[in-house]
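Subject: Handover of a protein structure

Dear colleague,

Please find below the structure that I am handing over to you.

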Amino acid sequence: MRLNARALLAQLKKPPVAVSAAALAFIGAASLLVIAIGDPRAGTPTARADVERPAPVPRPQISGAEVFGVDTLGAYQDLTAPGDVDAPGGEAVITLPGSAQVLTGPVVRQAPAAPLPAAPIAGLSQPGPNGPLPVIASDGRTAFSAYARPFTADGRPRVALIVGGLGLNAPATRAAIEALPAEVTLSFSAYAEGLQGWIDLARADGHEVLLELPMEPEDYPQNDTGPYTLLAGSDIDELDRRMNWLLGRATGYYGVSNYLGTAFFASDVSASPFMQRLRSRGLAFIDDGQARNRQGAYARASANRVIDEAQDAASILAALNGLEASARANGQALGTGYGFAVTVATAVRWTQGLNERGIQLAPASALAARSGVRRAS
């Protein structure tokens, strides 16, 4: 069919046709303009109202991968009351930089265990220059005996785990308290804000507690561990001043643990009186393995391994499995780790199957050996 240009022009001159053609031309031009420069109303405030209220959307379940994300603990940020985490079904996969995918179960709040006695317990502290200091009571009771979690061995190999560095990150700390079994020992930084509240919360959930003290590392002061770091070679008065500040931060701990400390442990001038002061106050010392050759304190234990030197789930799981193998070979084993999201998430899943594998999960205090006692003056 041939196009008759003259007839087409005649049709366009008719008013209705001309108006329609003009409208189409305007719409086409506007469309091309939007494509070229974007929506000219994009920055203009708009409002929208739904005529009908939408149906309620069910609250999404929070899985372990969401609660213990690698970059954030945002899913736990607003969970301030017990029971706020729903228990999802199925399993979650946590993918971490530099590691393979590790299948884990959902990380949810444990059923609350029987609470440990509230601190302070009468007779176990005395006023200090910066807060109450632990003492051995007149009847012989100690912080170690009173604040440790009760434990009865059942003859199976025992494994204990300490998770430290707590109190510095609120969501991570609450997640560790609520997700880890009560038998897991929690270690809180002496610098933590609201330290007594965190210790009270942990004990209310059944966890025994250690106080984590900063100690001089090899690269101090380039690696600055804070104003009350216990220093190698410091005189006795300065050691006492710093220890009194650290130990007076809270009550309810049965012993102390170390944060770093390679240089401190190498110094007889400071390490030996440090141990003597712990012993005279009825406190245990449980280290991450750096002070294995240092004896003293009221009770002593050293970790067999640090489980999260490599901070990926596959490596942590391998270290935990190695800890379990050590317990089978030697009757007991102690591991320690930091309160990283990946550490807690992996430890939760690992502990869930210990009983079926013939291993008894024990608090760290149950693996500490007692030593001689000298009363504090």
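**The chain as a whole**

The chain exposes about 18,900 Å², of which carbon and sulfur atoms supply 55%; accessible areas come from the Shrake-Rupley method with a 1.4 Å probe, and for residues only the protein chains shown count as cover. Please note that this is a predicted model, in which local features need pLDDT of at least 70 and side-chain atom pairs count only at pLDDT 80 or more, while totals for chains, interfaces and linings use all residues. Residues are numbered from 1 along each chain as its sequence is written, and side-chain values use heavy atoms, with hydrogens and water left out.

Of the 377 residues of the chain, 47% count as buried (buried means under 20% relative accessible area, exposed over 50%, and partly exposed in between, with a 1.4 Å probe and protein chains only). The chain has twelve helices and 14 strands; these are DSSP runs numbered from the N terminus, helices being H or I with at least four residues and strands E with at least two. Among contacts between residues at least 6 apart in sequence, 69% join residues at least 24 apart, where contact means heavy atoms within 4.5 Å.

**Strand β9 and its neighbours**

Strand β9 covers residues 284-287. Two bridges join β9 to strand β8 (residues 255-260), and the two run parallel; Ala284 of β9 is the bridge partner of Gly255. Four bridges join β9 to strand β10 (residues 299-302), again in parallel, and Asp287 stands opposite Ser302 in β10. Two strands pair if DSSP finds at least two bridges between them.

In a regular strand the side chains alternate between the two faces of the sheet. In β9 both faces are covered: Ala284 and Ile286 on one side, and Phe285 and Asp287 on the other, are all buried.

**Two individual residues**

Leu211 is found in strand β7 and is buried, with a relative accessible area of 0%.

Ser234 is found in the loop between β7 (209-215) and α8 (236-247). Ser234 counts as buried because its relative accessibility is 12%.

On a 1 Å grid over the protein atoms alone, a cavity is a set of points where a 1.4 Å probe fits but cannot get out, and a pocket is an open set with protein on both sides within 12 Å along at least five of seven lines; lining residues have an atom within 4 Å of a point. Grid points are joined across faces, edges and corners, and a volume is the space filled by probe spheres set on the points.

About 390 Å³ of space lies in the largest pocket. Its lining has 21 residues, of which Asn258, Asp288, Val306, Thr336 and Tyr338 lie nearest the centre. The largest share of this lining, four residues, comes from β8.

The largest cavity has a volume of about 60 Å³. Both β4 (133-134) and α5 (143-147) supply at least two residues of its lining.

Yours sincerely
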